Amino acid sequence: MKRKVSATTRLLHDLFTQYQSTFLAFCELINNSIQADAKNIDITIDYAKDHELSPTIIRKIVVKDDGIGVHQNLIQDRLLDFGDSTKKGGKGIGRFAALQIGSDVEIETIGFDKEGNGFSKAIIPFSEQYIKSVKKIEDLEIDTDESLLKGKHNTYYKVTINNIYDPAVTGKNQKRKVSERLLKDNIQNAIFERYPIVIFNKSIKFKINGEYLKPEQFIEGKPEKVAVIFKDKKAKEHNLFFTYIQLKSTIDEIRVFLTTKNAGIDTIVSGFQFDADWISPKSKGWFVYIHSDVLETDLYRNLDMDGLDDNIHHFKAFIKDKLNHFFKGKNKEYEDFVIKLKKDSFYPYKESSNATSKSKIVLFDKVAYLVEERYNLFTTNKQLREIIYPLIDRTITTGELDKILQKILRLENKYVKKFNELLDRTEIEDVIEFSEKVSKKIEDLVFVEKLTCSEMSKHVAERKELHKVLERTLWIFGEKYLDNTKLLSDTNLENNLKKLREENLLYKPNKKEDNINTEIDTKSRSITDLFIYSEKPIDEVKREVLIVELKAPKVKISPIELQQVKKYAREVEESSFYSDDINFHIVLISSEINKAGKYEIDATPKPRENPYFYFQNENKNITISVMKWAHLIESNKRKLSYLSSKLKVKDMGVEEKIKSDFDEINFENVKSVLRKVAVPE
């Protein structure tokens, strides 16, 4: 049969773009189902498959509920009269929010008429194209399919949305674009985040593409409910009900919602984000619902005016106090874990060196706690700790923490975000990097010393690898060489430097010249000279080439070796490959320098930045430094000792800062904040 539509021009326009997003329009269909006393809401979304060519991600949406439905006698009033946007029983303009999602909508319903004691079925199509084609509103007619039914039937109400708007339409009107919250990977969490109370209470069962939503899918443990008494500024008492829900979903903060009843639905009036410096990692990812049957909703809506209204300020302070109390209590579990962690045989810092950052240890404890929450290593995978703990330690050091948390340990985004925020808020990243570099340098320096200055005969085999060790520790010749490349980019230059070395620097020491060390043992005498080179860019054009002539332990540096290295420098300057774009730093180093050599070296004035300076050419782009291993190592030891002392001072401050981010602290004035945010769309 044909039915006339009663509507105003404004309301007809609102049918298509009333809501901020298609997800909110979709939720309006669910809201109407809830208001219609539905106990089951069945949602079917037909997604286009990955290999299919489809103009839209979603092809069809069906929302069906087992509510009271709409009987034939009420169709005109409930569904086709748009003169008033509010309809008793929830069958108002919101039912046509579907037209914001797709251009063709069909309503199918079975309803019961108490007066006639009978059931009816109706199918009512709506088309955006048809509605817009009608010039006058009074000409708008809907061709419905209606029938009276015999016997008893189950009532229901079903909305089917076809012809989801494609990019040609959504490009002109973003409100019609398919919301990401409607996509396959997001829809379950999106429904939960919008209707958690009815899901927890199981007052309504949601089914999405054949799968029921269960509370345990979305929460850790059970909701914690707390009833409190709030005294307003006039000392009048009000009952407030807090429901704390810890989430499994991707929500990564503490969201606080003030709710009230609206047409029988727990409706969110205001949304807030709660945050505090001391919140533990586990405390992220919570919904807190606050409800009162007696407080005015205006108080809820105006909570962001706490600086202007004493009543609102008093109420907001009360809420923060209760939230502080609850979430501070969640830190006890972490404290107990750390005590157990430090006693564990696999804990990597039982014998931490002076150069190990205490801040790094604190951060490690936090990450280990989150890993324990996910994998229960203490109870189910004891030996796995032997692998995982060094891995965590190393990734904190290298700055790859986020990748390990997400890809290897597979921690949730909320945990990863927490640690990224921690690194952003403190200097811990710099301190850890600083401490690790100092620690690594000390280790390297000890090894170099072993190979060059102490009982070398015990380490002759290792000494053969000295050139490889030095390639990784060129910083000992100056911090500017910390990140030097190992090889020269110019092969021709490399070959020429080697050739000049063979011509100028190879010389057999002898007792007459006092350039042979007769005191070293037989094994050490077999060690030969080494020649190392590398380069580093100075700017876009210039580069510096470092050349290290490492004399064998049996060689003392004498005036002969000094003359050789100066001749080598002169040959470089006179060679065809010499260029003003290249600076050369030549280092001559050995275990000993004889008296004549020392006299000549000491007579050369030394710039402050280079205590080993010996010679520089007129163009000042070729420099020679001469040194003993013992002096070089001792100088670096003093430098690293100073850095370690500085590190301890800096680290103590950062360590305390990190602890205050997480640990239970009895502040007299706990710093926390309720920041108003938009209600989830």
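Here are some exercises with worked solutions on the structure above.

This is a predicted model, in which local features need pLDDT of at least 70, side-chain atom pairs count only at pLDDT 80 or more, and totals for chains, interfaces and linings use all residues. Residues are numbered from 1 along each chain as its sequence is written, and side-chain values use heavy atoms, with hydrogens and water left out.

**Exercise 1: Get an overview**

Find how many helices and strands the protein chain has, and what share of its residues count as buried.

Solution. Start with the elements: the protein chain has 22 helices and 23 strands. Helices (H or I, at least four residues) and strands (E, at least two) are DSSP runs, numbered from the N terminus. Next, turn to burial, where buried means under 20% relative accessible area, exposed over 50%, and partly exposed in between (1.4 Å probe, protein chains only). Of the 681 residues of the protein chain, 49% count as buried. Last, look at contacts, meaning heavy atoms within 4.5 Å. Among those between residues at least 6 apart in sequence, 73% join residues at least 24 apart in the protein chain.

**Exercise 2: Check the confidence**

Work out what the mean pLDDT of the protein chain is, and look at a stretch where pLDDT stays under 50.

Solution. pLDDT is the predictor's confidence in each residue, from 0 to 100. Its mean over the protein chain is 78, and 73% of the residues reach 70 or more. Now go to residues 83-91: pLDDT stays under 50 there, and the model has 25 contacts for them beyond four places in sequence. Residues 660-670 also have a pLDDT below 50, and this stretch has 33 contacts in the model beyond near neighbours in sequence.

**Exercise 3: Trace the open sheet**

Determine in what order the eight strands of the open sheet stand, and which strands stand at the edges.

Solution. Begin with the order, which is E7-E5-E4-E8-E3-E2-E9-E10, with mixed pairing. Two strands pair if DSSP finds at least two bridges between them. Strand E7 (145-149) and E10 are at the edges with a single partner strand each, so one side of each is left without a neighbour in the sheet. Then move inside the sheet: strand E2 (residues 40-47) and strand E9 (residues 205-208) run parallel and are joined by four bridges. Within this pair, Asn40 stands opposite Lys205 in E9.

Finish with the helices. Helix H2 (residues 22-35) packs on the sheet and touches E2, strand E3 (58-65), strand E8 (156-164) and E9, its direction making about 160° with that of E2. Helix H6 (residues 187-194) packs on the sheet too, touching E2, E9 and E10, and its direction makes about 160° with that of E9. For these angles, axes are lines fitted to C-alpha atoms, for helices over the stretch in contact, and angles run from 0 to 180 degrees between N-to-C directions.

**Exercise 4: Explore strand E15**

Are the residues of strand E15 (residues 286-291) buried or exposed? Say which strand pairs with E15 over six bridges.

Solution. Six of the six residues of E15 are buried, so this strand is largely enclosed by the rest of the structure. Consider the directions next: Trp286, Val288 and Ile290 point one way, while Phe287, Tyr289 and His291 point the other way. The partner is strand E12 (residues 237-246), which pairs with E15 in the antiparallel sense over six bridges. Here Phe242 stands opposite Ile290 in E15.

**Exercise 5: Follow the rings**

Find how many aromatic pairs the structure holds, then describe the pair formed by Phe257 and Phe287.

Solution. Rings of Phe, Tyr and Trp (its six-membered ring) pair if their centres lie within 6.5 Å; planes under 30 degrees apart count as stacked, over 60 as edge-to-face and the rest as tilted. The structure holds 25 aromatic pairs. Phe257 and Phe287 form an edge-to-face pair, 5.2 Å centre to centre with 80° between the planes. Phe257 lies in strand E13 (residues 254-262) and Phe287 in strand E15, so the pair ties together parts that are 30 residues apart in sequence.

Now take Trp286 and Phe327: their ring centres are 5.4 Å apart and their planes are at 85°, so this pair is edge-to-face. Phe327 lies in helix H9 (residues 310-328) and Trp286 in strand E15, so the pair ties together parts that are 41 residues apart in sequence. Finally, Trp286 and Phe327 belong to one aromatic cluster with Phe242, Tyr244, Phe274 and Phe326.
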